[in-house]
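Hi,

Here is the structure I promised to pass on. My notes follow below it.

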Amino acid sequence: MPFLIAVLGVLGAAVFWWYRMKAMNDAAREVADVVGRVQGNIRRKKLCNQAALSPLTTIDDPVVAAATLITSIVSENGPVLPRREAVIRAVISEIADKKKTDEAINYAKWAASQIDDTTVVIDKLAPFLRERLDVSERNDLLQMVNRAAQGGEERLEIADQRMLRLRQRLGFEVN
């Protein structure tokens, strides 16, 4: 009889610890699942941000960068209508030939439609342009932005914050 009680006690203890280990294993698996989901969400957010910037990261030509920057700033207040596009095209044609202008405008319209936030465009493209343009060319770029905003169907008021941010990112001192 004591032997039977001892065997039942050992079996009971084994079942108890087996159940405890199973519960701990399930809890650890749930924690690992939660950690995996959080890491997946972080990775997805990072990829979404990279995808949002991808039209800008592929730009390697200052003319395309300038056209994209101008189109993005001008299109912040609404779509780029034909007259406004003609003004942008005229501004860009001052620095590029017809084929390059067409290519730059088409890419700029597409890239501007892909990215909703103009500050992202300014933050990404202005340093690129600062590296490749001298001071007078950067001043010309600011004038091109203003001319593109003034032409077209109606005069656009570019937010002072946008122009200030652009000036800062292009390397100009701002008071």
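Where is the place of Arg-162? It is in helix H7, residues 160–169. Helices here are DSSP runs of H or I with at least four residues, strands are runs of E with at least two, and both are numbered from the N terminus.

A word on the source. This is a predicted model, in which local features need pLDDT of at least 70, side-chain atom pairs count only at pLDDT 80 or more, and totals for chains, interfaces and linings use all residues. Residues are numbered from 1 along each chain as its sequence is written, and side-chain values use heavy atoms, with hydrogens and water left out.

Back to Arg-162. Its relative accessibility is 18%, so Arg-162 counts as buried (under 20% relative accessible area; exposed is over 50%, partly exposed in between; 1.4 Å probe, protein chains only). Leaving aside neighbours within four places in sequence, Arg-162 is in contact (heavy atoms within 4.5 Å) with Thr-118, Thr-119, Ile-122 and Glu-76.

Now the whole chain. The protein chain has seven helices and zero strands. Its radius of gyration is 30 Å, well over the 16 Å that the globule rule gives for 175 residues, so the chain is more spread out than a compact globule. That radius is taken over C-alpha atoms, and the rule is 2.2 Å times the number of residues to the power 0.38. The C-alpha trace spans about 105 × 35 × 30 Å along its principal axes. Buried residues make up 31% of the 175. Of the contacts between residues at least 6 apart in sequence, 77% join residues at least 24 apart.

Best wishes
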